[in-house]
Amino acid sequence: MSHAVLLTPATVMIALFMLAPIALAAYLSFTDWDGLSPNPQSVGWDNYAQLLRDSDVGHAAVVTLIVTVVGTLTCNIAGLGLALLLNGPGRLNGVLRAVVFYPYVIGPIIIGFLWSAILGANGAIAHVLGNAGHSPLPFLSDPTWAVGSIVAVVVWSQFGVNVVLYLAGLQTVPPALHEAARVDGAGRWQTFRSVTWPMLAPSVTVNLVLVLVGLLRVYEIVLALTNGGPAGRTNTFAFLILSESFRTNHLGYGAAQAITLMVVIAALALGLTALRRRAEDAVSA
Amino acid sequence: MKNVLKALVALIMLVPGYLLVVNAFKSQDDITGNPFGIPFDRLSISYLTATLSDPNYSLVRAYLVTALFAIAVNVLSLAVSAPAAYVIARGTRVRHRALLGLFLLGLFIPSQVLVIPVIYVLKFLGLMGTVTGFLLYETTLTLPVSMFLYVAYIKTLPRELDEAARVDGAGPIVTFWRVILPLMRPAVATAVVLHTIGVWTDFVNPQIILGPGSALYTVTTSVYAAIGRYSTDFTVVYPNLLMAVAPVLIFFVLLQRNIVSGLTAGATKG
């Protein structure tokens, strides 16, 4: 009885504001609801079929894929690389750790605005180039450049978290192992390859999943940096869902997009965790 | 070689911050003429003070609103998640593990997308556009991380504590309140740091749930409203951005060690 008193408030909140909305969106995704009519009609899988034919969705999926794959790899390679550089005592290393990490506390919307003031057509870099007699570079105005800019800004703002997490992972590698490897005559690369890397397996999993889940839902940076432009060419999936939901009244279709993104994120996160389990088991074996 | 790399990284990370600070004190001509320069004789604090006196998006009010939101979310989050985490951490049945799994599922749900169906639920409850509705949803979003941290932490506390309390005649509620909660301080500190940053930097939820109609702006939504109108007037852009990040940067410099260790715990406990 008293257990129920302790459990109920949290359970009710998660049921009301997470499970019920997801269930509602799942239901609406099979209807033609326009946001007003009291009786939405069932349309079967039509909304999902439309999703596959919709070129806007296809394009947003490609942009999201590029941002996620390139971003996840870059964040992790740069994060681990810098963690290896900063692993060790010293005031300077502590300062640098703070320097790569500070974007985390600034938050994505402010970061997006700051970088748009730097990269924009009228921004800081354009003025520096202009004053030197060069024409500006199309950081945000050319579709290809703009996707690259988004990836760069996302990595700039996120990889500090990976540095911190990899540094924590490196602390768990027993110094005795490095010592043993050195005594056995292993070089630096060999020590990394056969001692550090396998011991880091759990860290790698956490970092991969964390960045992957974060990047699949990139929204605020896109909003502040390019607003999806030029001409919708930098819409990520999350950005498309949010902007469409308020512009059109095809809410059933919007719900189908939202459910698709949630399923993709959950499936990738769980799949990646399961895949990585083998690498982690190798450590404990 | 190592030091060259480190210097390069520091440069890439710090240049945007440098531009943010320096240009907040410069006129439009000075910013566009030389964004990186510091015209010492023409620096002015007037652009920053203008952000404070803007009648539409008073940043002072926004600081206050956001700080109150952060406090409310933290209190509410602790009040509902710590007791539940206690029962789940001590529970041995399948349903306890299933319930924990349900909470942890929230770690993978994109809140920016979830918010759309949440609007319907809030409308149904009559809470759309209200502070109550916003706080309830914002708090729900903190529960997965809180549960993750608290369950892992409570599992490290010896069960003998519970036994001793039970022998003394205490029920689960009293045991939780008198024995367990006071010991949870480190885990609570971690959660508070993460949730405070989360609420302070959140933009989508206050923007959508409170909306421009409520006239209640957080720091991020008021900066968005102010900059959205004058995005080419850099004497509005840079000062607003600097004012928005100044409190968190001070918070960060003072609590850097706790934030970093909190984040590490948040990602690896369990």
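T51(B) is buried, with a relative accessible area of 5% (buried means under 20%, with a 1.4 Å probe and protein chains only). This is a predicted model in which local features need pLDDT of at least 70 and side-chain atom pairs count only at pLDDT 80 or more, while totals for chains, interfaces and linings use all residues. Residues are numbered from 1 along each chain as its sequence is written, chains are lettered from A, and side-chain values use heavy atoms, without hydrogens and water.

**Around T51(B)**
- You will find T51(B) in helix α3 (residues 46–53) of chain B; helices are DSSP runs of H or I with at least four residues, numbered from the N terminus.
- A polar atom of the T51(B) side chain lies 2.5 Å from the backbone oxygen of L48(B).
- Leaving aside residues up to four places away in sequence, T51(B) touches Y57(B), L59(B), P239(B), N240(B) and M243(B), where contact means heavy atoms within 4.5 Å.

**Helix α4 of chain A**
- Within α4(A) (residues 91–101), the buried residues are N93(A), L96(A), A98(A), V99(A), V100(A) and F101(A).
- These buried residues pack against α3 (55–86), α5 (103–106) and α8 (143–171) of chain A, and also against α1 (2–23) and α13 (234–268) of chain B.

**Where α6 meets α8 in chain A**
- The axes of α6(A) (residues 108–119) and α8(A) come within 11 Å and cross at roughly 130°.
- On the α6(A) side, I111(A), W115(A) and L119(A) meet S149(A), V153(A), W156(A) and S157(A) of α8(A).
- The residues of this contact divide into five nonpolar, two polar and no charged.

Notes:
Buried means under 20% relative accessible area, exposed over 50%, partly exposed in between (1.4 Å probe, protein chains only). Helices (H or I, at least four residues) and strands (E, at least two) are DSSP runs, numbered from the N terminus. Axes are lines fitted to C-alpha atoms, for helices over the stretch in contact, and angles run from 0 to 180 degrees between N-to-C directions. Ala, Val, Leu, Ile, Met, Phe, Trp, Tyr, Cys and Pro count as nonpolar, Asp, Glu, Lys and Arg as charged, and the others, Gly among them, as polar. A polar contact is a pair of N or O atoms within 3.5 Å; within protein, one must be able to donate a hydrogen and the other to accept it, and residues adjacent in sequence count only if both atoms are side-chain atoms.
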